[in-house]
Amino acid sequence: MKDFLRNELPAFVKDSRLTASVIIILALSLLGSIVALIINPLFGLAMGVIFILTVACVVYGSYILAGNANNFAVNLSYRIKRSEQEAMIKMPLGILLYDDDRQIQWVNPYLQLYLKDEDLIGHTIKSVDPELDKLIDESLKAKTAENHIVNWDSHEFEMVIQGDLNVVYLLDITRYAKIEQKYNNELLVLGQIFIDNYDELSETMSDQELSTTSSYVQNTLSEYAQNYNAYLKRIDEDHFLLLLHMQDLTKMEQDKFSVLDKMRLETSRNNTPLTLSIGIAFGSSLILELANQAQSNLDLALGRGGDQVVLSQPGQAARFYGGKSNPMEKRTRVRARMVSQAISELFKEADRVFVVGHANPDMDSIGSGIGVVKIARLHGVQANVVLDLNKTNYDVGRLVNKLQQAKEKTNLFISASAALENVTDKSVLVMVDHSKYSITYSKELYNRLKNRIIVIDHHRRGEEFPENPMLTYVEPYASSACELVTEMVEYQQPSSGKRVLTDLEATAMLAGITVDSKEFSLRTGTRTFDAASYLRSIGASSVGVSELLKEDIDSFLERTRLVSSLKMIKPQMAVLCGPDDKIIDPIITAQAADTALDLKDVEASFALTRRSKDTIGISARSMGEINVQVIMEKLGGGGHLSNAATQIKDVSVNEALAKLVEAVDTYEQENE
């Protein structure tokens, strides 16, 4: 009885609401007994007995209920603990406990299956499985709360480590990893293939030659697609659609798209040189997004001169393959005429035109800018080249002085600050000799007019290209931007007796062509000489060009010192390094790289000099066999196959040289 009374009532029995209910019931029972006793003593006695029995039952039932509840709780607690122990032993989750010396203290049977050693307790993890010890060490050093996906014992595991408790949990997710891999391998890839110069070649072919060439192209591409389980569909004579899976695209990348070289070499042997431009998109489940990205990549490949593959996923950086040959010159001037007419119409709708070159503008940048300004003024539109006249290179400064001393002062130039004050929503910004925001002369003006931009450039198009230009004229085959603008000037029709360019302005544009073509020795085609001939016919002077491009004594000595530092980093590759504590003009750097090409056994040259306190500039030149554009792109720059450059921040000259050597090594490995 004492033990019974000692029993602790469960919490739910002690609840005040339940207690109140019991008291009310007992009170009513007692009240009923009293009333019954008053009415009838015998009936009242019976009711009293019932009341006593009710009280006894309530008290006894409460303690019985308390005992049952306690037994249930104890049993449930035992079952929970037992299930936890069984789970640790039998569930498909590896658990390993170790001490501070990395000695194994306990492993559950599931993990024991992977370790394949019955006697593990007391042994170090490294002695039992060095690979597992390395994975644990790497996870601990990462110091992150995220779970790690590791590859161990030919399985994929999700690893969780409680460093404070010295416990490792390993969940085998191999099955799910295989499903994920299968999904990734079977993602849709969409590509577009374009034959760069099919139209021009077909104009000179007979029907039989055209049929043979068309069949060769179809068969070659079909065979290539079949080798990689791809679907190929010819859309028109020079355009193909390509569909394949991601796993097959990976194999194509490993092969480095050998179809580019095969097409170029075999067609060249037959005197019908054809090259391919391919744009490929992947990484999205939306077909429309893939199609738009593939078209954008194809445009980028064509803008970079063709004969290459550009592939990327939406929103990510592009990868480039090919681009080993110089862009083929287009013999027809149809596009030049169409662009000239289109730009005239755009100028007529603008209230002002501002022309910007790249930072540290050279003669090609300024000469082409002058040509664009004169085209705009021909249509009655106020136009200026944006240039700070107090910060120019020696040749550009010499040109500015001659223009200011000329009889007809035309006020060609305007400062960037003045341009920003006069810009309106109807103004147009023309980017000449560049297409990259990072190197434009005035970033503020670019941001103000980023939706009203025209691009005229002869460099290969890069990823950092204006998003929605009003007009684009990018021709990598051209020697210079001055060559492109000269052709546009030819198609302008001034009123009788009115000249588009003065003699000095024509001389400036001829000087731009001369500089960028290295005196007509590099990247020159028939159209380059046609443009030079036209400029000569309207008053350009070769003597005037020589005067503009004359080098002052200090610059000559600086260039000579830079050339004297020449050393070979690879066979046929020379490097020139300026002092780390001296800023050297980028024009001198570029001239030094050009000079190095005149030396025997030098096929490519790289000149490294300090441009500012925190920037090293690299000018790269080649004779065409080595693609310096690809090398410079690996360092964040770009340009032409034979003429490229880049800038590297926060490094010394020696550190920049080390990065250059690394990029050259990578280039050689990719082209083995």
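Leaving aside neighbours within four places in sequence, which residues is R559 in contact with? The partners are E551, I588, Q591, A592 and T595. Contact here means heavy atoms within 4.5 Å. R559 itself sits in helix α22, residues 553–564. Helices (H or I, at least four residues) and strands (E, at least two) are DSSP runs, numbered from the N terminus. With a relative accessible area of 15%, R559 is buried. Buried means under 20% relative accessible area, exposed over 50%, and partly exposed in between, with a 1.4 Å probe and protein chains only.

A word on the model. It is predicted: local features need pLDDT of at least 70, side-chain atom pairs count only at pLDDT 80 or more, and totals for chains, interfaces and linings use all residues. Residues are numbered from 1 along each chain as its sequence is written, and side-chain values use heavy atoms, with hydrogens and water left out.

Now step back to the whole chain. The chain holds 25 helices and 23 strands. Its radius of gyration is 41 Å, well over the 26 Å that the globule rule gives for 672 residues, so the chain is more spread out than a compact globule. That radius is taken over C-alpha atoms, and the rule is 2.2 Å times the number of residues to the power 0.38. The C-alpha trace spans about 145 × 65 × 65 Å along its principal axes.

Of the 672 residues, 45% are buried. Among contacts with a separation of 6 or more, 63% join residues 24 or more positions apart. The accessible surface comes to about 34,600 Å², and carbon and sulfur atoms hold 53% of that surface. Areas come from the Shrake-Rupley method with a 1.4 Å probe; for residues, only the protein chains shown count as cover.

UniProt positions are given in the numbering used here, feature names are shortened, and annotations may be inferred rather than shown by experiment.

For "binding site", the unreviewed UniProt entry lists D364, D433, H458 and D516. Why can these four be treated as one place? They span 153 residues in sequence, yet no two of their C-alpha atoms are more than 10.5 Å apart, so they gather at one spot.

Look at two of them. D364 lies in helix α14, residues 363–378. D364 is buried, at a relative accessible area of 0%. Beyond its sequence neighbours within four places, D364 contacts D433, H458 and D516, along with S480, A481, C482 and G512. H458 is in the loop between β16 (453–457) and β17 (471–474). H458 counts as buried too, at 1% relative accessibility. Its contacts, not counting residues up to four places away, include D364, D433, D516, E475 and H640.

Return to helix α14 for K374. K374 is buried, at 11% relative accessibility. Residues up to four places away aside, K374 touches L412, V500, L501, T502 and E505.
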